[in-house]
Amino acid sequence: MKQIAYNRSAGFEYFIEERFEAGIALEGAEVKALRQGNCNLKDSFCYIYDGEVFLKNMHIPLYDKSGAFNSRDSKRDRKLLMHRREIDKITGKIHAKGMTLVPISLYFKDNLIKVEVALCRGKQNYDKKRSIKERDIKRDTDRQLKNY
């Protein structure tokens, strides 16, 4: 499993409740750009429309050798491929509990490109401050153990 991109801000902005694996519908030039490692998941999110899950604001730059045939938008909406039961479960939790669906990582599994999406609950400012404080404490203890 080779990781292409990871959404670092998702762990800071949200409490991750449940993770799902989904396929993604891409074009050939987009796959070649991903094989080069060109992708950005920052500020991307998922939404459900008409019983289908779409990924919005994921930036895949244009493949430089594709020529004039690839004139698509680099931030277009991309369809995620999930089972119907999973989509229904996610839809119920999003509407009932006020959660959101956020992409966590993009990776290769065998020859397929998969997206790990997570059902998340938003953090408040005091939660973010607490996580920063815990991270600083952990960094200091690791530093002291290293020098001991």
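Mentor: Let's start with a rule: a salt bridge needs a side-chain nitrogen of Lys or Arg within 4 Å of a carboxyl oxygen of Asp or Glu. Keep in mind that this is a predicted model.

Trainee: Then what makes R139 and D136 a salt bridge?

Mentor: Their closest N and O atoms are 3.1 Å apart. The limit is 4 Å, so the pair qualifies. Both residues belong to helix α4 (residues 125-147), where they are three residues apart, about one turn of the helix.

Trainee: Are R139 and D136 buried, exposed or partly exposed?

Mentor: R139 has a relative accessibility of 42%, and D136 has 31%.

Trainee: How many salt bridges does the structure hold?

Mentor: The structure holds 14 salt bridges. One of them joins the side chains of E18 and K93, at 2.8 Å from N to O. This pair links distant parts of the chain, with E18 in strand β2 (residues 14-24) and K93 in helix α3 (residues 84-97), 75 residues apart. E18 and K93 also belong to a network of salt bridges with K89.

Trainee: What makes R19 and E116 a salt bridge, and where do they lie?

Mentor: Their side chains meet at 3.2 Å, N to O. R19 is in strand β2 and E116 in strand β7, so the bridge ties together parts that are 97 residues apart in sequence. The two partners get separate labels: R19, at 44% relative accessibility, is partly exposed, while E116, at 18%, is buried.

Trainee: Which residue has its charged end over the ring of F15?

Mentor: That residue is K123, whose charged end is 5.2 Å from the ring centre. The distance limit is 6 Å, so 5.2 Å falls inside it.

Trainee: How many aromatic pairs are there, and why is the pair called stacked?

Mentor: The count is one aromatic pair. Y47 and F54 form it, with 5.7 Å from centre to centre and 25 degrees between the planes. Centres within 6.5 Å make a pair and planes under 30 degrees apart make it stacked, so both parts of the name hold. Y47 is partly exposed at 28% relative accessibility, whereas F54 is buried with a relative accessible area of 16%.

Trainee: Which residues other than glycine have a positive phi?

Mentor: N57 is one of them, with a phi of about 70 degrees. N57 is in the loop between β4 (52-56) and β5 (78-81), and its relative accessibility of 26% makes it partly exposed. D110 has a phi near 60 degrees and is found in the loop between β6 (100-109) and β7. D110 has a relative accessible area of 74%, and exposed means over 50%, so D110 is called exposed.

Trainee: What does the chain have by way of helices and strands?

Mentor: The chain has four helices and seven strands. From the N terminus the order is β-α-β-α-β-β-β-α-β-β-α. Of its 148 residues, 36% count as buried. Among contacts with a separation of 6 or more, 69% come from residues 24 or more positions apart.

Conventions
Residues numbered from 1 in each chain as written. Predicted model: local features only at pLDDT ≥ 70, side-chain atom pairs only at ≥ 80, totals over all residues. Heavy atoms only, no water. Phe/Tyr/Trp six-rings, centres within 6.5 Å; stacked < 30°, edge-to-face > 60°. Buried < 20%, exposed > 50% of the residue type's maximum accessible area, 1.4 Å probe, protein only. Lys NZ or Arg CZ within 6 Å of the ring centre and 35° of its normal. Helix = DSSP H or I, 4+ residues; strand = E, 2+ residues; numbered from the N terminus. Contact = heavy atoms within 4.5 Å.
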